[in-house]
Amino acid sequence: MARITQLLDAGPTLSFEFSAPRDEEGAERLRRTLARLSTHRPHFMSVTYGAGGTTRGPTRDWVQTIRDDFQVEAMPHLTCVAHSRDEVADIIKSYQSDRIENILALRGDLPHGAQSSTQAFDTAAQLVDFIRQRADWDIGVAAHPEGHPMAASVEADLAHQTAKLRQADFAITQFGYRAEYYEQFVNQLDARGVETPVIPGIMPPTNVAGIERMSALNGTEFPTDIRDRLEAASGAAQRREIGVEVAAHLGRELLELGAPGLHIYTMNFARAASEVAAALGWTAD
């Protein structure tokens, strides 16, 4: 397996993101999805950990499955919200025993209205520093080209993201649909002397309600022209075609801007993600 910084040095990377399922039906679907998407020979895959403050799924098990059964580098996400320092240290040790070399360090979010008395870290930057003291890994962080939805101001947000990316080996953005936001963000980092590779995240927009909900949570724009096309579609098949077209066009724009790779959010479904990868030249075996 390989470190993500080494993969990025070799040229644009393709990666897919999945969430760890919590029941047998979800596990069967994910196995089918992994089987199909692994034929595109992605450079790595990532597995989420408690996205949105939900109950944490078996991230470690699926990281092992991706590496052992599908021979693809796998990167676990680690959110520190509601974890004590000892709990995070134990998770780090478990991944060291698995010979993990890459991790995505995130603050994460508690469910709405919930409180934690055990949380030891307030920011992802603190988690990155904690990991660095214990493991020789490539550490990634999240980036928000359109601004973090909880930021106090544009200036404060940029200062925070700049400081976080200085500590990281790479970053992966939230999904978005305007390449100009990514370009502006990278230029702002460059002006501040930050050269950390930023991999843009893309998600084929195939479900209007789902994209609207996630865009609102992330503070990202869901462009009206894309929404209008999806709402005018005759059914699910046409919506998928539109979503694949939109994501592939965006991916080309981002790569032309010099993006070091593309990270495709799959929602644990294979077809749209596979068609986007193929349209961008990462054809399946």
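Reader: Hi! Where is lysine 164 found?
Author: Lysine 164 is part of helix 6 (residues 154-167). Helices (H or I, at least four residues) and strands (E, at least two) are DSSP runs, numbered from the N terminus. This is a predicted model, in which local features need pLDDT of at least 70 and side-chain atom pairs count only at pLDDT 80 or more, while totals for chains, interfaces and linings use all residues. Residues are numbered from 1 along each chain as its sequence is written, and side-chain values use heavy atoms, with hydrogens and water left out.

Reader: Is lysine 164 buried or exposed?
Author: Lysine 164 counts as buried because its relative accessible area is 7%. The cut-offs are under 20% for buried, over 50% for exposed, and partly exposed in between (1.4 Å probe, protein chains only).

Reader: And what does lysine 164 touch?
Author: Setting aside residues up to four places away in sequence, lysine 164 touches Ala124, Val141 and Ala142. Contact here means heavy atoms within 4.5 Å.

Reader: Let's switch to leucine 30. Which residues is leucine 30 in contact with?
Author: Beyond its neighbours within four places in sequence, leucine 30 has contacts with Phe18, Ser19, Pro21, Trp62 and Asn268. Leucine 30 belongs to helix 2, and at a relative accessible area of 2% it is buried.

Reader: How confident is the model, in pLDDT terms?
Author: The protein chain averages a pLDDT of 93, and 93% of the residues score at least 70. pLDDT is the predictor's confidence in each residue, from 0 to 100.

Reader: Where does pLDDT stay under 50?
Author: That happens over residues 51-55, for which the model has 8 contacts beyond four places in sequence.

Reader: Good to know. On to helix 10: what span should its 21 residues have?
Author: Helix 10 (residues 236-256) should span 30 Å at 1.5 Å a residue, and its end C-alpha atoms are 30 Å apart, so the two agree. The expected span is 1.5 Å times one less than the number of residues.

Reader: Which residues of helix 10 are buried?
Author: They are Arg240, Ile242, Gly243, Val244, Val246, Ala247, Ala248, Leu250, Gly251 and Leu254. The elements covering them include helix 7 (179-191), strand 7 (198-202), helix 9 (224-231), strand 8 (261-265) and helix 11 (271-279). After helix 10 comes glycine 258, which has a positive phi near 100°.

Reader: What about the largest nonpolar core, how many residues does it have?
Author: It has 87 residues, and those with the most contacts inside it are Phe16, Ile131 and Tyr177. Helix 10 gives the most to this core, with 6 residues. A nonpolar core is a set of buried Ala, Val, Leu, Ile, Met, Phe, Trp, Tyr and Cys residues joined through side-chain atoms within 4.5 Å.

Reader: So what does tyrosine 177 touch?
Author: Not counting residues up to four places away in sequence, its contacts include Met203, Pro204, Ile211, Phe222, Val246 and Leu250.

Reader: Last one: what phi does methionine 267 have?
Author: Methionine 267 has a positive phi of about 55°, although it is not a glycine. Methionine 267 sits in the loop between strand 8 and helix 11, and it counts as partly exposed because its relative accessibility is 43%.
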